[in-house]
Structure formats: C-alpha cells, structure tokens
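Subject: Structure handover

Hi,

Here is the structure we talked about. My notes on what turned up in it follow below.

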Amino acid sequence: MKLALATPTPEVEIHIPVALLSGTFSERLQKAARLGYDGVELMVVRPGQLDARAIHTQISESGLAVVAIASGAIYLVDKLTLLASDVEVSRQATVRLHALIDFAAALEAPLVTIGSFRGRLAWAGGQPARKRLIEILQMAAEKGAERGVRLVLEPLNRYESDLLNNADEGLALIAEVGHSHLGLLLDTYHVNIEEASLTEPFRQGIAAGKLWHVHLGDSNRLPPGEGHLDFPSIIATLREMDYQGYLSAELLARPDPDTAAEATIAYMRQVVPGT
Ligand code: LER
Ligand code: MN
C-alpha cells in the first residue's frame, strides 16, 4: 500500500495546520522522498500563480507521484467555498475548482479532493443549496472526465460540515450526481468521529467501487500510533478489499511538520507490510 503526505505548493504562504514538512517546496519534496514516501498530495490555493510545467519537472525528478490536488487550503486562505452565502463567491470558487482540475491534468495528478472547500448548507440558504452543489459537481466531474482527472468528495465531522458527515451520506450524494468521475475520500480522523464502525465505511466505499483516496490521521489528528485508532484493522480491511489508492497523511504538524512526517511513516511501516 502506497503512502503520501499533504504539503502545500509554493504560492501558499500561510501556515496550514495539517500540512507536513518544513522548508522550501523543493526541500519538502526531497525530504518526502528521503523518508520513503511514494507521493505527495499538493494543497493548492492559486493554481494561476504556479508554473505547472516547472512543478511537474521538479516532482518527476524527486521520484514522487502527485497523488492528489487538495482544495482545502483554498477555503483557509481565500475563503472561497462552492456553497457560499454570496453567489459571487460561490461562482469564483467554481471557477477555482475548474482551474484545479486543469492544474491536476497538467501535473498528471489523478484526483482533486473536495472537503471543506464545498462550504456549508447553512451558509448557502439551507437544503436547496444541496441541488446547487450537485449541479456544480456534475459539471466539474464532466470537465474532469475530459481532462482525465477524477474528483473525490470527503465526508467531514459534524463540527466542520453540515453536509456529508459519513460514508453513507457521501455515497448517496455521489449516486445522485451519478458521474463516473466522482468518488469518495475517507479520512480516518473524521471516520472515527462519525461512524459506528472503524472498518465498515472503508469496506462499503470499496464495494461500491468509489473509495479512491484515504487521509490518515489518528483519533486526535496526530500521526497514526499517537492516538487510539486501530490502524491494523483499517489496513487489514483495505487489504482484504484490495484497495488500490494511496494512504495520504493529512494531520496536525506536531510537534513540528518534519517530526510528524517521520513518525507517520515509521508507524505505517510497522502496520503495513511492504511499505
Ligand atoms: C478537513 O478537516 C479535512 O480533512 C480536509 O481534508 C478537508 O478539506
Ligand atoms: Mn481530510
């Protein structure tokens, strides 16, 4: 099973609490490769400010794969969400999502994630906004299909989202959108808060052919092994179900971003034979 970690692209200047590794972008790539990670999940905010070709070359030279383009930092930095109270903000967020898909295609990244970037129903006028999200996702998935990029929706815990808190809800919305290029991302930290079982949601997502990405974080959002989640059971389920995606560390950079990245891979090597 392949391991990745989440780290920002060079234009992101503010601190992202769940981003790993310190130093320049190039130093972070070198560190990830040296630690033994297989890939990086890039937290992108303004793709228009990035030279995709140069980044593609830099990453290829590091020997890493770009496993996903993450949208969460867009909300943190630019306060754009797909479901915003201001229709203009929502429009700008949709344009940004399309730019992320183009950026992913340029980097040959297979996935674009949609977690906190989707916004909240409460901000966008309640239940009717769900229909708006479905339309936005249909159009974005269609663009993804043209570019060879898939989108993954991430259920978030109830304190961070009022729309999609668990795998059931995620899979239901994905079925409503009904597009081959929209799937599911499960984050072990959110699964622990919202689900009745720590393993069934993974089984369910894979059985539906929709679980394409996994975020790693322990019960306290620290590196795996530093909380009380049963990672061996999660990994056994993923193996049994022949999960083909990445496990991508997106967790609190404590005590510092390098130590958290080292602790994650050291622990995962113990519980995932062959990493
Ligand atoms: C936020 O808690 C999270 O898990 C991110 O992946 C969502 O954007
Ligand atoms: Mn996550």
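Start with the contacts to ligand 1. In this predicted model, an N or O atom in the side chain of Glu-250 sits 2.5 Å from an oxygen atom of ligand 1. Glu-160 also places a polar side-chain atom 2.5 Å from an oxygen atom of ligand 1. For Glu-154, the distance from a side-chain N or O atom to an oxygen atom of the ligand is 2.6 Å. The residues around ligand 1 also include Gly-72, Gly-115, Ser-116, Leu-156, His-190 and Arg-221.

Next, the metal. Which residues coordinate the manganese ion (ligand 2)? They are Glu-154 (OE), Asp-187 (OD), His-215 (ND1) and Glu-250 (OE), at 2.1 to 2.3 Å. The pair Glu-154 and Glu-250 links distant parts of the chain, 96 residues apart. Glu-154 is in the loop between strand S5 (150-153) and helix H6 (167-177). Glu-250 is in the loop between strand S8 (246-249) and helix H10 (257-271). Both Glu-154 and Glu-250 are buried. The donor spacing in sequence reads E-x32-D-x27-H-x34-E. On geometry, the six donor atoms around the manganese ion (ligand 2) subtend angles of 70 to 179°, so the arrangement is octahedral.

Now helix H6, where Ala-167 has its place. Ala-167 counts as buried because its relative accessibility is 0%. Setting aside neighbours within four places in sequence, Ala-167 is in contact with Pro-155, Leu-184, Leu-186, Glu-195, Pro-201 and Gln-204. Its C-alpha atom is separated by 9.1 Å from that of Glu-194, 27 residues apart along the chain.

Last, the packing. In soluble globular proteins, nonpolar side chains tend to be buried together. The largest nonpolar core here has 78 residues. Ile-69 and Leu-247 touch the most other members. Helix H5 (residues 128-147) supplies the largest share of this core, seven residues. Another core, of 11 residues, lies apart from it; Val-18, Ala-19, Ala-70 and Leu-222 are among them.

What does Ile-69 contact, leaving aside its neighbours within four places in sequence? The partners are Leu-42, Val-44, Leu-100, Phe-103, Ala-104, Leu-107, Ala-109, Leu-111, Val-112 and Thr-113.

Best wishes

Terms used: Residues numbered from 1 in each chain as written. Chains lettered and ligands numbered in written order. Predicted model: local features only at pLDDT ≥ 70, side-chain atom pairs only at ≥ 80, totals over all residues. Heavy atoms only, no water. Donors = N, O, S within 2.8 Å, 3.2 Å for Na, K, Ca; no water. Tetrahedral: all angles 85-135°; square planar, octahedral: opposite > 155°, others 65-115°. Helix = DSSP H or I, 4+ residues; strand = E, 2+ residues; numbered from the N terminus. Buried < 20%, exposed > 50% of the residue type's maximum accessible area, 1.4 Å probe, protein only. Core = buried A, V, L, I, M, F, W, Y, C linked by side-chain atoms within 4.5 Å. Contact = heavy atoms within 4.5 Å. Near = heavy atom within 4 Å. Polar contact = N/O pair within 3.5 Å; in protein donor to acceptor, adjacent residues only side chain to side chain.
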